[in-house]
Amino acid sequence: MSVVPPVELVGRADAMAAVVTGQRVVVRGPRGIGKSALLDRAVALTTRHVRRISCTPGELDVARGLVGEVPSATNTYATFRELTRRLGDDDLLVLDDAHDCDPVSLRWLDFVLRRRDIAVLLAQRDDAPGLTDLTVSHGFDIVEPAPLNLEQTGQLFDDADPELAYLLTGGNPGRLTELRSATDGPITRTVVREVIGRRLRRLPATTRHVAAVLAVLGRADAELAGPLAGVSAHELATRVASLTAECLLGQGLPPPYGEWVRQSALDVMNPAEVTALRERAAMIVDENGRPAVDVARQLAHLESVDVSWTPVLKAATAKPGKLSPDVANRCLTLLVQRRPDDAEARLRLAESADARTAAGHLMAAFHGAADPELRAEAAVRYALTTRSAQARGLLADCTGLPDEQQLLVDTLTLWLDLIHPATTKTAVERAKTLRPPPGHDRGERCLLGVLAEANAIGGGTLETSLDLARRAVGGELVINDWSMLCATRVLRLAGHAAEAFEVLDTAVERITERAALSRVLADRAVAAMAAGDPRAVADARRAYDLVPGDSRATVVLARTLARLDEVAPARALLDGAEVSEVDQVDHLYALALVEFAAGDVTKAADVLHTAAGLLDRRGVPDPAWIMLWAEYASFSNMARRKEVADAAARRVVELANQWRSVETAGYSAITRAATMRRMDTQLAAEGAERFAAAGAFAAQAWAELVLGVFLRRTGDNQRARVHLRSSVRLATRCGYRLLADRARFHLVAAGGRIRVSDHGSPVLSGLTYSERRVVELAVSGASNADIAQHLFVTLRTVEKHLTKAYRKLGVVGRTELPELVTGLVSGT
């Protein structure tokens, strides 16, 4: 946050003129408005003899400070006359903080002004009495500096948010100066806490207590706030008005800043005092007959509660949505502390917990539930959260269920067996014995989804799997993170990515449980990587952030980072991951991409050799891994392991012949082209064409690179440049920075020209840092509200940066940004 002119003098031209030219002037205003700065300016410009003092309440302190020692006269009149005699006609008396002036000195000043034409300049707080008689009777001009407006506040800050600064300070120059001294960057929670806390500590204790009461209650409810603060309604109104004038109630501030301001009133208190205030607030709210949710909002902030509060907590959490997620979780935690066997509370808590904590709640809910259906729900969710062998035992213990729920439990058991390497083959064989149901209800559609993937994994036809998958997600969509994902993976594998994205997008909108949403986002990130969708990185990061350390989310994020050539963070993720048996091959595949990005193709081939061995031991021809086999063949070929590369290439061809999609045909063609001893440009071109037809743009970028390299080596640089430019464009669109860099290298070698040498867009160089950050986040798929929260600015500031960026970039809206920002290579 860089400052332009002095804060105290911005927008003060008229006030300065009045103060400098006036004979008798009182500058009146609240603390921090700039009164002293105006006195300083007048003193600096005057030619008079200045006598200045900052007033104190001791008897005759002000008079003594202005003219020297007070004579020991026998009467006041003689004293006043002697003091007045010491003043010169050219004197300018300047009294700062005149509201603190002692009464005797004020009487002497009145004595002087009745007898001498002395210039006097006073500064007085507007809420302090005592000077009215003096200033009125002697004709003082009143100067009342106004707060800075939003435009003037904007003059003071360069790369910060002037609107936010204005709302936090009310345009008060003193408060703006405090804010400026607290930060030279974004206005964070720490900055707000420091600045607001300092201002609160200057207030009387009663006013601070009222601020804390309002922070606890969340609003100025006189019926509750007065008794809680221990003040009358009139005094409450007075204190609230004072806090509002000081901008200490967070009024008008966008989230989360208003809450930060209110919380600061509690931060300046002793924690034990805050706890006592919360407990008393809960009792007062309850005694006033307010709803249980209002009482629960107070209880949620306590470490523990008395057992007598459990009915209130139960009532408040009975219906989801009545409380904010954080408050609801805290209330449920308090409830479980008092009632450990409350299965419903445990199930609710598991929705927003991390995987390990959620598993604990679900296991406790399973053992604590007496109702068979509730036990089954706990077992199902435990299975989805842990994907462990132990979950299978819980599912087996679920009996006495309605037919639909029993089918759901049996289907989930089949799915668990399908994803566990040791039981995949037997699960595929068992799935072949099951007759696909019509899909009339939730249980039947879940079974259809699992059967679709089981058919694909076990070597069934594309047509059969595609039909089952479409029936699974057709009609009224069953939103979950297992059978639905089975169906969407089949849709993608069959070349129908648009249908898969439609289902995944709907699921992302509707799912609220953290672990389930994380798994859906991870799958959408994988699909987006293949399709060149810019959401890939954002989805992968969000999936990981929702459940940090989750095995699946970790490997997906590591894959996206490896493609971005961010080797160190990708490796750190994988090194620190607890890899489940289910995700072992995914983990190895991500690690191989990291090793390749680090430049060690031999190590990458070694890692994929291990992964290929694990796939072989499963004993099923799963076409979902055709890309891994193709990379294995390519890396082995680059590592000069010809026999290994040929064997992997044969596996790619076998999978492509078994699963006859356009995309698998592309992998077959490009893998054969890349591993053959002669450079077969026709096969490489076929691979690129197949991938383009399938919408597999990341794979197309690879095929275009292989074709461009082949053509360059045969001496056809002109045609090579066409395909290498295409590879750069596609790889950049897909966020595959590593591949884009390799394509750029070969493009230059073929005589092509690159518009820029780095990974960024050349057109972004004309944007300011703030505009560039906003554009980058917008391109990643973040909404304006998400950007505002991420950058700690207001929504209006985001819109302002985007508008300026659109004008500089020559686009009409954010829909044109991805194509522009990823357009890195000059045309042919």
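Visitor: In which hand does α29 pass α31 in their crossing?

Guide: Happy to start there, bearing in mind that this is a predicted model. Helix α29 covers residues 514–531 and helix α31 covers residues 551–563, and their axes lie 9 Å apart. The crossing in which α29 passes α31 is left-handed.

Visitor: Are α29 and α31 roughly parallel or roughly antiparallel?

Guide: The two helices pack at an angle of about 30°. Angles under 35 degrees count as roughly parallel. That is why α29, relative to α31, is roughly parallel.

Visitor: How many charged residues are in the contact of α29 with α31?

Guide: From α29, the contact draws on S518, A522, D523, A525, V526 and M529. On the α31 side are R552, A553, V556, R559, T560 and R563. Sorted by class, the contact has 6 nonpolar residues and 2 polar ones, and the number of charged residues is 4.

Visitor: Now for another pair: are α37 and α38 roughly parallel or roughly antiparallel to each other?

Guide: Helix α37 spans residues 662–675 and helix α38 spans residues 681–694, with 8 Å between their axes. They pack at an angle of about 155°, and angles over 145 degrees fall in the antiparallel class. The pair α37 and α38 is therefore roughly antiparallel.

Visitor: How many nonpolar residues does the contact of α37 with α38 have?

Guide: Good one to check in the viewer! Residues of α37 including V662, Y667 and I670 meet residues of α38, among them L683, F691 and A694. By class, this contact has 2 polar and 4 charged residues, and the nonpolar count is 11.

Visitor: Does A265 count as buried or exposed?

Guide: A265 lies in helix α14, residues 257–267. Leaving aside residues up to four places away in sequence, A265 touches L200, A211, A212 and A215. Its relative accessibility is 2%, and the cut-off for burial is under 20%. A265 therefore counts as buried.

Visitor: How far apart in space are A265 and R208, C-alpha to C-alpha?

Guide: In sequence, A265 and R208 are 57 residues apart. In space, C-alpha to C-alpha, the distance between A265 and R208 is 6.9 Å.

Visitor: Stepping back, what radius of gyration does the protein chain have?

Guide: The chain holds 45 helices and 5 strands, and its C-alpha trace spans about 120 × 75 × 40 Å along the principal axes. A compact globule of 828 residues would have a radius of gyration near 28 Å. For the protein chain, the value is 37 Å.

Key
Residues are numbered from 1 along each chain as its sequence is written. This is a predicted model: local features need pLDDT of at least 70, side-chain atom pairs count only at pLDDT 80 or more; totals for chains, interfaces and linings use all residues. Side-chain values use heavy atoms; hydrogens and water are left out. Axes are lines fitted to C-alpha atoms, for helices over the stretch in contact, and angles run from 0 to 180 degrees between N-to-C directions. Helices (H or I, at least four residues) and strands (E, at least two) are DSSP runs, numbered from the N terminus. Angles under 35 degrees count as roughly parallel, over 145 as roughly antiparallel, 65 to 115 as roughly perpendicular and the rest as oblique. Contact means heavy atoms within 4.5 Å. Ala, Val, Leu, Ile, Met, Phe, Trp, Tyr, Cys and Pro count as nonpolar, Asp, Glu, Lys and Arg as charged, and the others, Gly among them, as polar. Buried means under 20% relative accessible area, exposed over 50%, partly exposed in between (1.4 Å probe, protein chains only). The radius of gyration is taken over C-alpha atoms; the globule rule is 2.2 Å times the number of residues to the power 0.38. A crossing is left-handed if the near helix is turned anticlockwise from the far one by less than a right angle, and right-handed if clockwise.
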